[in-house]
Structure formats: C-alpha cells, structure tokens
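The sequence and structure are shown first.

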Amino acid sequence: MADHVQSLAQLENLCKQLYETTDTGTRLQAEKALVEFTNSPECLSKCQLLLERGSSSYSQLLAATCLSKLVSRSSNPLPLEQRVDIRNYVLNYLATRPKLATFVTQALIQLYARITKLGWFDCQKDEFVFRNVINDVTRFLQDSVEHCIIGVTILSQLTNEINQASGKALNLHDESQHGLLMQLLKLTHNCLNFDFIGTSTDESSDDLCTVQIPTSWRSAFLDSSTLQLFFDLYHSIPPSFSPLVLSCLVQIASVRRSLFNNAERAKFLSHLVDGVKRILENPQSLSDPNNYHEFCRLLARLKSNYQLGELVKVENYPEVIRLIANFTVTSLQHWEFAPNSVHYLLSLWQRLAASVPYVKATEPHMLETYTPEVTKAYITSRLESVHIILRDGLEDPLEDTGLVQQQLDQLSTIGRCEYEKTCALLVQLFDQAAQSYQELLQSASASPMDLAVQEGRLTWLVYIIGAVIGGRVSFASTDEQDAMDGELVCRVLQLMNLTDSRLAQAGNEKLELAMLSFFEQFRKIYIGDQVQKSSKLYRRLSEVLGLNDETMVLSVFIGKIITNLKYWGRCEPITSKTLQLLNDLSIGYSSVRKLVKLSAVQFMLNNHTSEHFSFLGINNQSSLSDMRCRTTFYTALGRLLMVDLGEDEDQYEQFMLPLTAAFEAVAQMFSTNSFNEQEAKRTLVGLVRDLRGIAFAFNAKSSFMMLFEWIYPSYMPILQRAIELWYHDPACTTPVLKLMAELVHNRSQRLQFDVSSPNGILLFRETSKMITTYGNRILTLGEVPKEQVYALKLKGISVCFSMLKAALSGSYVNFGVFRLYGDDALDNALQTFIKLLLSIPHSDLLDYPKLSQSYYSLLEVLTQDHMNFIASLEPHVIMYILSSISEGLTALDTMVCTGCCSCLDHIVTYLFKQLSRSTKKRSTPLAQESDRFLHIMQQHPEMIQQMLSTVLNIIIFEDCRNQWSMSRPLLGLILLNEKYFSDLRNSIVNSQPPEKQQAMHLCFENLMEGIERNLLTKNRDRFTQNLSAFRREVNDSMKNSSYGVNSNDMMS
C-alpha cells in the first residue's frame, strides 16, 4: 500500500512539473516519465487511483487523458467489459463530483464521447451497449444546474466527436497510398459492374450496356458531385490509374434510364457531356492505349444509353460534337494505333446516323456536317494504309475478315448519311485507283509492289462499295440514290471484267473475296422477289454495260461463279464463298426460274465433274473436311434441277451419272481385298457430301423417290460397309451418318410411300442397322482424351440420335409391326441408343449444345410414342434418364428446357394413367413393364418431387421464358404428389414476410380453383390459364417484399 501511495505522490509531482514549472528541462523530463507511465501495463489501475485519491486537478487531467489514449489505441485494444466499466465509472465520477475543475470535466466528457463513438457498433448479448446515451444523460438533466450543464456538455461533445471523421484523407501524390487508390477504384468498378438482376450470361459481351443500379443508390447519381469526382480523379491521378477511372465512368454513363425522370436525366447527361468535353480539350492522357480504349467505350455509351434528341439539347452539344468528330477523324487517320478501339467510335457514329430520320428535337444535330468527314476519314485512311502495310511488312487488317465485316456493317449506316457525298468520294477514289491499275497493267516496267498497292486499294473500295449498297436496307432510298448505286455497281463490274480476263496469268485472292462480298450485298438489295425492277440502278446498268434486266444481271453472277470455280477451285475461302452465293441465288422463287433458263446454268447441270470444277476432284493435298463445300454446291444444283425435273427419270439419271460412276468405283474397291484406302475414303466422303446436298434440296415427293430408288437397295450396303471399316475416323463416318439422317428426314412430307410399298420399313431397317453397327463399334474405342471426346465420339453419337429421332417421328413407319412379326430392328436401335446414352456423363449432355439438342428431341419422341419401352428399362437407366430431364429443366438453352418439359409431361401423364388404371377394378391386369415402372417410381418418389419443386421455383422466382411448356407437366406432378405439393406450398408461404403470407396463400388457392383430379385437355388448359394469373399475382405480391428466393424490391 505504501508503494501505491509513494508512486501516486511521484505521479502528482510529475504532473505539477509538467503543468506548472517554467523550467524547460524539468518539464521535458516530466513529460518523458509520463509517456513511459502511459505505456506501462499498470497505467489503467494507476489512472483510477489518481482519479480517486489525487489531490490536484492536474493529476485528474492526466488520468483522463491517459484513459482516452488507452481506449483509442488500435493495437491491443481494451476488452469490451473493461471499456463498459470505464464508461460507467466516468459517468459516476462526473455525477458525484459536479464541481471539478472545468478542464478536468471537459477531459472526462471527451473520454466518455470517445468510448461511446468507438464502441457504437459493439454488441453484448444482442444489445448495442454504448448506444444508451440518452438514458445516461437524462439522469444529469433531472438534477442540479451543475449536473444539467454536464449533461448538455456531454451531448454537445458527443455530437462533435461523432461528426469528426476518424478516417484519413487520401493523398493522391503519396506513392505509398497508390495501392489503396487502386483497390478503391477496383471496388467501385466491381460495384458498378455487378449484375444486379441476373441477366448477363455472357461476360465477354459489351452489348449489355445498361447498369441496373438499385433505386436506393439513386441519390448518389442525382448528386452531380459524384460524376464530377471521377472526372476530377481522371485529371489528377497518375496515368497508370486513369483507365480504371474511365472504366467506372463507362458504367456510370450506362446507368438505367428509369433511375431518373426526364429533367434529372437531362441534367445528368449535361454533366456527363461536360466531362467528356473537358477530356477532349485536354487529350494528353489519351496517348496511353488503355486510356484511349476506355475513352472510346465511354463515347459509344453516350449514344447507346441516350437518344439523339436528348444529346442535342445539352448546352455544349455543338462544341462537343465538333470535338468528337475531330477526335474520330484523327483516330481513323492513325489506323495503326489501338485498332481494336475503332469499333466503339464507329459504333457511336453508326447509332447517331441511324437516329437522324427519327430525331424530333428542333435543335440542330449537325451530323450532316460531321458524318461525311468521318466517312471520308475511314475510307481514305484505309487506302493510305495499304502502301505502308506492304512496305513495312505489317499485318494486313484485310486478313481479319471478321473485323473488316464488323467495321463495314457500321460504315454502311454511316455512309448512307449524306449519301451523295459518300458516292462522289467513292467514284473519285475508285476512278483514280482503277486508272492507275490499268496503266500499270499496260506498262512493261510496272513493279509488283505498285501493282499490289493498287490491288489493295481497289480491294478496300470494292468492300466499301458493297457495304454502302447494303446500307440501303436501313434507309428509305430515293431514285437518285439508286442511280448513284448504279454508278458504283458499274465500276465494280467493269473492274471484275478486267481482273477476270487476267486470271489465267494471275489473280488476287483478297480482291476476289471483296468482289464476293460486294455480290452478296448487291444480291440482297437488288435481286429477288421484293425489288422494284424499274429501279434507276437497272437503267444505269443498261446504259453503261448493256445489262437490261435481272436475267442479264443474273447471267453476270453465274458467269462469275463459274469463273471462280474454274480458276480458284483449290482456294477454299473463295470456293466456299462462291458456292454460298450460288446457294443464296438458288433459294429465291423467281430468280431460280430465271437462272434455269441460262445456258451457263444448264452447262453446270450437265457437267458437274472434276474436269470442269476442280474442287470436285479427289485432291490428295487437302483434308477431308475441306470437301464440305460440295454439299452447298449440290444443294444449289438440286434446287436448279428440280425446277423442270417433274417425274422425268431420264433427266434425273443423266444428272446422276457422275455420282453413279463414283459409287461403282467405291463398290469395285470394296470388292477387292487390297485397295488404296485414302482414295476410297476421299471418293466416298466426296460422294456422300454431294448426295446430302441433293437430298436436302429434293423436298418434293416425286424427286425424292427417284433419289431413294436410286440409292436403295443398290448402294446402301456400301454406306454400311464404310461405317464398319472406318468407324474410328470421324472424317469418314460423320458425312455418312449425316447423309443417312437426311435420307430418313421426312422433310415437307416427301417420304410418302404407296400403300403396297414396304419401303418405309426397309428404310428403317437400314437406319437401325447403321445405328447399331456404328454404336457397337464406337463403344469399343475405350478411354478418349477429354479434348478429343466430342470429335471422336460424341459428334457421331449426336448424329445417330438425330437420325433415330427423324426416323421415329417421320410418320412413314408403323412401329407396331416389328414386334408383331418378330423383327428386332426397332429393338436393336433402341437398345443401342440406351448403350450409347449410358456411355455419356450427364455433364457432357448439357456441355455440348448439338448433343443436348439431338438427345432431348429424341427423348421427347420416345416418351411420346414409345413409353412402354422406357417403362421396361432397368431402374438405373430410368433414373439416369429422369436425372437428365431434371438437369435439363434449368438449362440456359430454351429449346432444351422446353423439350424436357414435354418429356416430363409424357412421363407424368403415363404414370397418372397407369395409377388410375391400377386403382380401378379391371379384368385386364397392367402390362408387366407398366407395373415395374410404377414400382420404381414409388421406390424413388424424390426424383419426381425434386422436379415439381424445380418447375414451381422457375415459375415463381425466375424469368420463365417458356411458361406454357412449364405448365403442362406441372398439373400431373401436383396430382401425383399432393401431400408434397401441400408442404412445398406452406414452405413458400411461410418464407414470405408475415404481412404477405395471406396474399401468397390466396395465390395458391386460386391456382387450383376449378381444377379437377384428371389430365384431360380441358382441365389442363384451365390449369395453364390459372398458372398465368398465379405468376402475375405472385410477382405483384413479391415486388415489395424483402424475403423470398429472388426478391424484386431492388428495382421497384
């Protein structure tokens, strides 16, 4: 005790020296000793002693300030209980000593305020222990005047304390704080990028440019200082952080329109445009590619989220549109800098130009001034780039056809704004380039480099002319504009005549691809049933080139197609695009009839051999997959042949001679023990690709029957043999399987056999044989690496599923006769399907879109027409199929989801019927498989219950895109699981907030209103109607609810 007294006396003495002495040395020593005391372990207990026994006010002040430091320290903080004790002690101390020195009272109140503020969120037994301030102070206010003064001072000091930000301000110039700045910007960007309503399925897409900000954030966006903060940050922070700031601004510019009313949106847009203007006036930071890219994205968002009518009303619009136009022109001229960002600038101008006809605002949009400048900058910069790319050996943008096509699509709209200026420019540039090109061709001393430059420039011009002609579709066109199109078309056709005349010596692949792109656009706009033949374009073609009507223009098309196939047969890109053009021409009703009359088309129909068309040859250098274009060729030829074919078998056989010869050649090879396998493969693959094209085109009964009788039975064994020999080589089997799938497809009811004909059954036998042969052999492959599993195995299986589905749903076979006559063709095909299915993991069924579509559409047919077969399967197979349906219900692909609903409906209906029959006393017992199926379902009720829960959840809580399909199985599921449905309903009702439960309960009552316990069509339709009303009511009920699985309050 003596020690305490002695140390207390020492502390009091030190306080006196600190606060009263005039000697600096003594004060410094006292200060040093007291600092050591503050950091010592016994500081807390000594402070209490000082307050209780200290004889001077200075010792009380020391105790109060030491305690404030103790409670404020962030390292090794005091426990909650101790802080509560200090708080209570201070209040008691102040209450029992109202006449302390003013500075002591002030220090103690400061201590109380600090403890309260720092402990504001601390809980003890679910109670915020430091928040009962008003109760604490009320006691003071009910006592003497001195106590009242203390009480009011406490409130005043506490308000002041809480108002002081305890955080630190960010110093942008302090490098040690840059990490914090980076994380803050990332946090902001992630918040603004958050998918608030769960609509973004594709993260790579930049098209989802509306940020669905919650309504509760509205005030932050209405406050203009928020937007200003980001623009200020951009100008004041180090360049390495600027792209992130711009990314945030891109998202802020994309805030959903419904967050504002019209006046608020106009104000927000005005601040946004001001910020953009400031960046354009100080463009130094845009020399960084990342900044430049994000700024281009920001500019694109100006039009994607706001209307031109709103933009023109912004105060600085004339100045801003001028700055944006200058920025765009400069960017296009510097084509080598950040080429991936050009897309956003062109996107902005495309949207602006497309809006011109619809803008109602009286303010001038000035686009007629600036859009031609952008068009001119794009065209001239592309032409100027050609020489530099060739000189320096740079990567040619023309090789990225996807990017070029994207830019041309945008330019097609931009160029149509003030079209007269666009055409005048194109005519001028084209004439210059074409004249230089002709002079170079005639000159003996022309360098290959100069020729390449002019060909490159002409390639760009042909692409651009095709694009602007294609842009006609977006605008109401005038006769004058059609006449201008005529000027452009004449020039391209004249250039084509020139280049085609030189093909025997040399050709330019890129220029040819540009020509094909031009022809494609020209065909879309000016050839076909919809086009006015009196168009001024045809008048101009007639004047310049003597092409008086569409038939003559079509002859130019066909001439070009034949020339390309003759000279470019070894060039896959040109061949496939040429054949695509032929295919597109063969679709139109009127154009195909005009084409057939052309001698060039008759030549093709009579001479489709490798002698005339080299791509039909067995070219040993190319891979088997390069033969795909043959299918396109024969589809077009098939359509052209059908126009006048009728039932003329002689003409048909004449046409098929080259294919007959090929089949005979393969049959000859197969009949010998040793043959050249590569040659046999190439011949057969080419042949089946040709046949698939013809089979696809022959969608009339008369012509398809000729094809069927030609191939069956003579050549079918060759296809079966190919599958046996080469099952492990998908390059061979896939074309054969696809041909078979096409042959069994009853397209346009073409597979209608006569009453006395067994051909339907014979065709199915061949189908079954092929599926069984392929299926049993492909399962012997063993373990296949994951990256090759689709190519080697799943693709073929997928085609088999499609083939079986087409045969089962073609309505040209009565499948009941197979069992009746002991024919195992149907059983073999179905058993192979099960074996193949069980070899595929569930995840693969949904991971590969083509496989999932073919599987679920086949399953739909099986559950509809062959439910007895499904019911007879082993329990583990049934559970596998049901699991696949359950997983498919939640698939992103609507077709898969709808197919699963249909399958589930058939299964549930079958179950319900069998149960109804089993409960009725009938003389005929249930079939054995039905009995087993019922037993399995009763053993595993959880599977059907799980699907009931899934369907109900999708309808109530998700954006259900196929509500009608979902409603069909739901009634059956409810009737089969009434108790489970009742429990599920109660669970959903109870998950709602108390005030909503009654409304939700009523929704469920209305759902089953007037519904009987049967699955008759009338009852189902009534249920579907009830379900539509139910979903509407539930959505309305949950709109303002903060409960539920997928509450919508955020957007309300």
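Val-273, Leu-302, Leu-311, Val-314, Tyr-317, Val-320, Ile-321, Ile-324, Leu-348 and Leu-352 line the largest cavity. Helix 16 supplies the largest share, with 4 residues. The space inside the largest cavity is about 110 Å³, and the structure holds 3 cavities of 30 Å³ or more. The model under discussion is predicted.

**The largest pocket**

The volume of the largest pocket is about 1200 Å³. Its lining comprises 41 residues, of which Arg-692, Lys-738, Val-799, Ser-802 and Lys-850 are the closest to the pocket centre. At least two lining residues come from each of helix 29, helix 31 (677-697), helix 34 (730-743), helix 36 (789-808), helix 40 (849-865) and helix 43 (894-919). The largest share of the lining of this pocket, 8 residues, belongs to helix 36.

**Aromatic contacts**

Across the whole structure, a search finds 36 aromatic pairs. One of them joins Tyr-634 and Phe-655 in an edge-to-face arrangement. The geometry of the two pairs is tabulated below.

| Pair | Arrangement | Centre to centre | Angle between planes |
|---|---|---|---|
| Tyr-634 and Phe-655 | edge-to-face | 6.4 Å | 70 degrees |

Phe-518, Phe-519, Phe-522, Tyr-526 and Phe-557 come together in one aromatic cluster. Rings also meet charged side chains. Arg-131 lies over the face of Phe-128, 3.9 Å from the ring centre. The charged end of Arg-416 is placed over the ring of Tyr-419, at 3.9 Å from its centre.

**Nonpolar cores**

The largest nonpolar core contains 300 residues, and the members that touch the most others are Trp-349, Phe-633, Leu-707 and Phe-764. Helix 21 (residues 448-470) provides the largest share of this core, 12 residues. Leaving out residues up to four places away in sequence, Phe-764 touches Leu-804, Ala-807, Leu-808, Val-813, Phe-815, Phe-818, Ala-825, Leu-826 and Ala-829. Another core lies apart from the largest one; this core has 46 residues, including Cys-15, Phe-37, Cys-66 and Val-137.

Ile-988 is part of helix 47 (residues 978-990). Is Ile-988 buried or exposed? Its relative accessibility is 9%, and the cut-off for a buried residue is under 20%; Ile-988 therefore counts as buried. Beyond its neighbours within four places in sequence, Ile-988 is in contact with Leu-952, Ile-956, Phe-957, Met-1000 and Phe-1004. Between Ile-988 and Leu-383 the C-alpha to C-alpha distance is 66 Å, and 605 residues separate them in sequence.

Technical notes:
Residues are numbered from 1 along each chain as its sequence is written. This is a predicted model: local features need pLDDT of at least 70, side-chain atom pairs count only at pLDDT 80 or more; totals for chains, interfaces and linings use all residues. Side-chain values use heavy atoms; hydrogens and water are left out. Rings of Phe, Tyr and Trp (its six-membered ring) pair if their centres lie within 6.5 Å; planes under 30 degrees apart count as stacked, over 60 as edge-to-face and the rest as tilted. A charge sits over a ring if NZ of Lys or CZ of Arg is within 6 Å of the ring centre and within 35 degrees of the ring normal. A nonpolar core is a set of buried Ala, Val, Leu, Ile, Met, Phe, Trp, Tyr and Cys residues joined through side-chain atoms within 4.5 Å. Buried means under 20% relative accessible area, exposed over 50%, partly exposed in between (1.4 Å probe, protein chains only). Contact means heavy atoms within 4.5 Å. On a 1 Å grid over the protein atoms alone, a cavity is a set of points where a 1.4 Å probe fits but cannot get out, and a pocket is an open set with protein on both sides within 12 Å along at least five of seven lines; lining residues have an atom within 4 Å of a point. Grid points are joined across faces, edges and corners, and a volume is the space filled by probe spheres set on the points.
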